[in-house]
Amino acid sequence: MELIQQIAKYAIRLAILHLIVTLVQYLWRRVQGGFLALPRNVRAIVLTGFIRVIRSHVDGFWTWFQWKYWLTWPYAKAQDGCQVLEGVKDIRWDQYGQHPKEMVHVLSPEREYTSCCSGKPVNAKASTVVYFHGGGFVFASSSVLIHSVTCFCRQGFSVYSFDYPLAPDNRFPAALISTLRAFEWLHSQEHIQCIMLLGDSAGANLVSMAATMVLNRHLLDKFSSATNHPEMMQWNFPKIESMACLYGLLDQHSWRGRSLKQISPLENFMAIGGIAGALELYESLEGSFGNRLSLMDIMPDTKYFPRTLFIGGSQDPLVYSTLVVHERLYAKNFDVHCKIFPARHGFFGFPPQWTLGAWLEGAAPTCQLLCNFFKQSPETHKGECSVTGDGLSCCEAHKGDFGIHALKAYDRHFDGEEGQGPHLFLHPYTGL
């Protein structure tokens, strides 16, 4: 009898908790519905105010605390488990353009670590990692996320960590123009001939767009004309040896209205709302370049694309963006690779101490994978890259990184049959 009473109490508590979550989700939907019904300029004002509050904390206290105390704290760990500044000889702060936000941190490795790059193949000339941070185009900075790239210094790479103008003060295409300007500055001022690109979230959007335009001059020509920057066609850029995109915002549609199994419906709903809000603050009000502000938007005109590793998190709505872009590029016979880790959005940027051990399943293997990828040439990293039909990743045997296998593993409502295969992603692009 006592056992039955305990079970009944437990069931009642679960029912109450379910009702509370359902109520919160209902209220959130009503609030979002009312917010979306507001005029666009009113929404922009509200979102801008919210972003400025976040930015004041991130760029204010946390940046000061991080550089004053945390980076030098002996127990401050980076993504590879080492002390954050171990192996970093110095950090130089430089300017690459006229805009106040066009600044860059230059991280040089200690001499004892530079030999780590000696194992790179002779045809792989790049020893420079160029990083663009995430933050939804609206907040964060190189200063805040500097700890996430010091691990590459311990592999012998020099690291250039770039800032760029943020929305909504500087909407599309300002950040993309700054990204291209940064590439030109690396070539003309730093005399760097070959680079490897790394971007997360919004940064992945920027490096993938810029790299595509550098390799496809007809796209750069269209972009320079549409944005009234004809001088771009006179710029010289370093060779792009390889690129890595972490949980990137690579298209404008595939992640909308989706529901992941690995997170609650409420968290899923709020995450998608946050992505949509950031994108609304970023897009051009004048429709510059037709607001073709993602890699998927320019893919039909893409003839050349660098060797690329796409990395996503199975608990991040942008995993759909990673999957659909990878599959479309793979179908065009580009040298692209994909790996999904059991992690939330931004997992590579969080200090490991904040994650209660979750970094060991996300950030740590990602760090190792990136270092290996940057050290290898296309000839030494051929891999299967999911061609086997059972969803094997090129980087590690795993059955959740490609097409229908990823949807079955991650999507709450997907009930497709094997016969559908990856064609769900390969049909003419309408958002997935």
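Y10 counts as exposed because its relative accessibility is 53%; exposed means over 50% relative accessible area, buried under 20%, and partly exposed in between (1.4 Å probe, protein chains only). The residue lies in helix α1, which spans residues 2-36. Helices (H or I, at least four residues) and strands (E, at least two) are DSSP runs, numbered from the N terminus. Accessible areas come from the Shrake-Rupley method with a 1.4 Å probe, and for residues only the protein chains shown count as cover.

The model is predicted: local features need pLDDT of at least 70, side-chain atom pairs count only at pLDDT 80 or more, and totals for chains, interfaces and linings use all residues. Residues are numbered from 1 along each chain as its sequence is written, and side-chain values use heavy atoms, leaving out hydrogens and water.

The chain has 13 helices and eight strands. Of its 432 residues, 54% are buried. Its accessible surface comes to about 19,100 Å², and carbon and sulfur atoms hold 59% of that area. Contact means heavy atoms within 4.5 Å. Among contacts between residues at least 6 apart in sequence, 76% join residues at least 24 apart.

The largest nonpolar core holds 67 residues. Such a core is a set of buried Ala, Val, Leu, Ile, Met, Phe, Trp, Tyr and Cys residues joined through side-chain atoms within 4.5 Å. F162 and L180 touch the most other members. Helix α6 (residues 202-215) supplies the largest share of this core, nine residues. Apart from this core lies another, of 40 residues, including V129, A140, C153 and A343. Beyond its neighbours within four places in sequence, L180 contacts A210, M213, V214, L220, F223, M232, W235 and F237.

Helix α7 covers residues 217-226, and its buried residues are L219, L220, F223 and S224. Seen down the axis of α7, these residues fall within an arc of 130°, so they line one face of the helix. The arc is that of the directions from the helix axis to the C-beta atoms. The buried residues of α7 pack against α5 (174-188), α6 and α9 (295-298). After α7 comes N228, whose phi is positive, near 60°.

S141 sits in the loop between β3 (128-132) and α4 (142-145). Its relative accessibility is 9%, so S141 counts as buried. Leaving aside neighbours within four places in sequence, S141 contacts D59, H133 and D163.
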